[in-house]
Amino acid sequence: MNKISRPLAKSVLIALLAITALTTQSAFAQAWPTHTIKIVVPFGPGGANDLIARAAAEGMSKELGQSIVVENKPGAGATLGADFVAKATPDGYTFLIAAAGLVTNSLIKAKMPYKDADLTPVGMIAVSPSVIVVAADSPIKNLKELIEASKKGQGLNFSTAGTGSTPHFVAEMLKISGGGKFDIIPYKSGSEGMVAVVGHQTDATSEASVVVIPQIAGNKLRPIASTWNTRIAALKDVPTAKELGYSNIFIGHWAGLLAPAGTPNDILEKMNDALNKALKRPEIKDRLISQGIEPVGGTRASFVKFIEEERARLGAIVKATNMKED
C-alpha cells in the first residue's frame with residue numbers, strides 16, 4: 001500500500017503546488033501595477049523610438065493609473081538595452097521599446113548576449129515610415145531618377161546608420177528591386193547620415209519621417225518616396241515606393257513593446273490593452289501623427305506575426321547581400 005500511496009501523494013503535492021503557484025500569479029497580476037513601471041529605450045534621446053516611447057508611456061500611465069518612466073540605454077546596436085530587459089525580473093515592471101534591430105541583430109551579429117526567445121512581444125506601437133531623401137538642390141526629382149542616376153559611372157553614395165540599420169536595408173532594396181548601384185557609406189547615426197546628404201557628402205539616404213520632416217520643411221532635403229505601405233499623413237504629397245512600381249522597397253522605423261520572457265500572461269494582456277487605449281487618446285494620436293509617426297496598435301498575436309514575417313523577409317535580404325556586423 002505504501003509503495004502505491006507515496007507516488008500518489010507526491011503527485012498530489014506537485015499538483016497542489018502548481019495550483020498554488022497559478023493562484024498566486026493570478027492574484028499578483030490582478031493587483032498589478034502597484035508601483036512605477038520602467039520602459040527601456042535602447043537608443044539615445046530624441047530619435048523616433050524615444051519620441052514614440054515617451055508618447056506611449058504618457059498614455060499608458062493614464063490608462064493604468066501608475067507612473068511609467070522611460071530610460072535610455074543606448075549602445076551596441078540596441079543590444080545593450082535589449083539585453084538589460086531580457087535579463088530583468090519578469091514581474092511586469094520592466095519593458096523594452098524594440099525596433100527593427102530586434103529582428104535583424106540576431107541575423108547579422110556573430111554573437112548575441114541574449115536569445116530572441118528571451119523577450120516576449122506585447123504590442124506594436126507605431127511606425128515612423130522611412131523616407132528616401134536627396135538634397136533640396138539635387139537634380140534628382142523622383143525615385144526613378146535616383147535609381148537611373150545610380151546606374152551611371154561609379155554610381156551614387158548612400159548614407160546609412162551602420163550595418164543592419166533601416167537605411168542600410170533600403171539601400172540594399174534599391175539595389176535588388178531597381179538594379180541601382182549604390183556605395184553604402186555608414187555613419188554612427190541616421191541623423192549624421194542625413195546631415196551628410198544636406199552637406200553633399202553623400203547623394204541620398206533614407207531616414208525616419210520624424211527625423212527628416214524638419215529638414216524637408218526647412219528646404220534642406222527633398223523627399224522622393226516613402227517606404228511604407230501607405231502615404232505618411234504629414235507628407236501626403238510624397239508617394240510610396242509601391243505606388244511608383246517598387247513594391248519590394250518596403251520597411252519602416254517601427255517601435256513595439258516587449259517584456260522579459262516569463263512575464264505573467266494577465267499582465268501582458270493588461271499592458272496590451274492599456275497600449276491600444278493610449279494610442280486612441282486624441283492628445284497622443286495627434287502628437288504622433290503631427291511628427292510623421294503613424295500609430296498602429298493591435299493584438300499581441302498580430303505583433304508576433306509581424307515580427308516573424310519581418311524576420312523571414314529581412315533574413316532573405318541579409319543572406320542575398322551577405323550583410324555582416326561592422
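**Helix packing, aromatic pairs and backbone features**

In helix H7, Ser191, Met194 and Val198 meet Val211, Val212 and Gln215 of helix H8, where contact means heavy atoms within 4.5 Å. The structure is a predicted model, in which local features need pLDDT of at least 70 and side-chain atom pairs count only at pLDDT 80 or more, while totals for chains, interfaces and linings use all residues. Residues are numbered from 1 along each chain as its sequence is written, and side-chain values use heavy atoms, with hydrogens and water left out.

H7 spans residues 190-198 and H8 residues 209-217, and their axes lie 11 Å apart at an angle of about 25°. Axes here are lines fitted to C-alpha atoms, for helices over the stretch in contact, and angles run from 0 to 180 degrees between N-to-C directions. H7 and H8 are therefore roughly parallel to each other (under 35 degrees). Their crossing is right-handed, that is, the near helix is turned clockwise from the far one by less than a right angle. Helices (H or I, at least four residues) and strands (E, at least two) are DSSP runs, numbered from the N terminus.

Turning to the rings, five aromatic pairs are found in a search of the whole structure. One of them joins tryptophan 228 and phenylalanine 250, which are stacked at 4.8 Å centre to centre with 25° between the planes. Tryptophan 228 and phenylalanine 250 both lie in the loop between strand E8 (221-226) and strand E9 (252-260), so the pair ties together parts that are 22 residues apart in sequence. Rings of Phe, Tyr and Trp (its six-membered ring) pair if their centres lie within 6.5 Å, and planes under 30 degrees apart count as stacked, over 60 as edge-to-face and the rest as tilted. Tryptophan 228 is buried, at a relative accessible area of 12% (buried means under 20%, with a 1.4 Å probe and protein chains only). Elsewhere, ring pairs link Trp254, Phe303 and Phe306 into a cluster.

A charge also sits over a ring: lysine 73 lies over the face of phenylalanine 84, 4.4 Å from the ring centre.

Tryptophan 32 and proline 33 are joined by a cis peptide bond with omega of about -5°, and proline 33 is found in the loop between helix H1 (2-31) and strand E1 (37-41). Histidine 200, in the loop between H7 and strand E7 (204-208), has a positive phi near 65°.

Terms used. Buried < 20%, exposed > 50% of the residue type's maximum accessible area, 1.4 Å probe, protein only. Lys NZ or Arg CZ within 6 Å of the ring centre and 35° of its normal. Parallel < 35°, antiparallel > 145°, perpendicular 65-115°, else oblique.
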